[in-house]
Amino acid sequence: MINVKQKKPTTVEKRDFLTLLDYSKEEIIQLIDEAFALEENPIQPVLKGKTLAMIFEKSSTRTRVSFETGMLHLGGHALFLSSQDLQLGRGEPVSDTAKVLSGYVDAIMIRTFGHDKIEELAKHASIPVINGLTDLFHPCQALADLKTIYRLKEKFNGVKTAYLGDGNNVAHSLMIAAAKVGMDFSLGCPVGYEPDPSIVKEAKKLAEETGAKIVITNDPIEAVHNADIIYTDVWASMGQESEQQQRLVAFKDFQVNDALVSHAKADYHFLHCLPAHREEEVTASIIDGEHSAVFEQAENRLHVQKALLKKLLG
């Protein structure tokens with residue numbers, strides 16, 4: 001029987017997670033604190049009855065498993081949707097998909113190529129949209145990086161993180177994260193592979209407020225000098241496979257190896273967002289050595305994403 005006296009639903013302003021530029025230092029710290037709490041007490045059914053749509057236009061291990069497991073731990077459910085599973089793959093407008101999914105689920109996580117697509121999705125969705133990765137940003141990874149670094153160093157101020165390799169989406173988000181929390185950040189990359197100048201400008205502006213130092217250099221030794229954390233990523237990301245041979249030549253001096261890390265602090269830690277290509281961007285002696293924290297870092301994707309889901313949907 002239809003209830004003709006139904007009350008109009010209360011409108012609550014939704015919050016997206018597209019880039020860390022949209023989050024304050026205090027909010028980022030709160031997410032990390034919550035991630036530590038969820039690591040200690042992982043099963044919390046605060047999202048019972050809630051559903052997360054996970055759209056994958058790029059393949060994934062850590063993003064898919066961590067979000068799906070995270071929703072289960074929080075009492076909710078996650079739906080895996082590849083391009084072939086959606087009408088997006090047959091040309092349906094992003095705006096239509098956003099409106100349709102908004103009527104079915106409580107949030108959308110998307111892992112895609114162009115950042116403009118996720119912005120379009122968020123514009124037309126009435127539910128939170130989470131950036132699982134775009135070609136421009138990878139904010140979920142940066143949150144996991146911050147949690148890992150804080151666990152290792154117990155502070156951000158006075159810590160230097162050196163990133164070696166392509167000025168890509170991972171580098172962009174890590175640079176923004178460092179600037180937000182007051183951590184020094186240096187990026188060493190070959191000429192022609194520097195990060196987006198507009199993002200560097202924004203990060204340096206943020207760093208002025210927090211006291212962080214942001215350095216972009218084409219000298220790998222300068223980048224890692226006196227570093228507490230050394231970080232790298234694959235040299236050819238998804239969609240850049242045709243550039244593999246060219247990049248192997250361009251990046252050869254930026255391999256994280258025993259010679260390069262000798263310029264860092266003796267107690268440095270090594271991070272990598274994975275998957276890794278041993279003997280390309282990093283040698284096995286480093287990634288599998290005593291200074292490596294890559295698997296703790298990978299596990300932290302689960303904890304920070306649960307904190308994020310709890311904040312956006314709880």
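Which strands does helix α12 lie across, and at about what angle to β9 does the helix run? In this predicted model, helix α12, formed by residues 294-313, lies across β8 and β9. The angle between helix α12 and β9 is about 50°.

Strands β8 and β9 belong to an open sheet of 5 strands, in which the order is β7-β6-β5-β8-β9 and the pairing is parallel. The edges of this sheet are formed by β7 (214-217) and β9 (269-272), each of which pairs on one side only. On average, neighbouring strands of the sheet are turned by 20° against each other, direction ignored. Within the sheet, strand β5 (residues 160-164) runs parallel to strand β6 (residues 184-188), and the two are joined by 5 bridges. In this pairing, Leu164 is found opposite Gly188 of β6. Helix α6, comprising residues 169-181, also packs on the sheet, where it touches β5, β6, β7 and β8 (229-232). The direction of helix α6 makes about 160° with that of β6.

A further open sheet contains 4 strands in the order β2-β1-β3-β4, again with parallel pairing. The edge positions are taken by β2 (77-82) and β4 (129-133); each has a single partner strand, so one side of each is left without a neighbour in the sheet. Neighbouring strands of this 4-stranded sheet are turned by 20° against each other on average, direction ignored. The partner of β4 is β3 (residues 107-111), which runs parallel to β4 and is joined to it by 4 bridges. Across this pair, Ile110 stands opposite Asn131 in β4.

Note on methods: Residues are numbered from 1 along each chain as its sequence is written. This is a predicted model: local features need pLDDT of at least 70, side-chain atom pairs count only at pLDDT 80 or more; totals for chains, interfaces and linings use all residues. Side-chain values use heavy atoms; hydrogens and water are left out. Two strands pair if DSSP finds at least two bridges between them. Axes are lines fitted to C-alpha atoms, for helices over the stretch in contact, and angles run from 0 to 180 degrees between N-to-C directions. Contact means heavy atoms within 4.5 Å.
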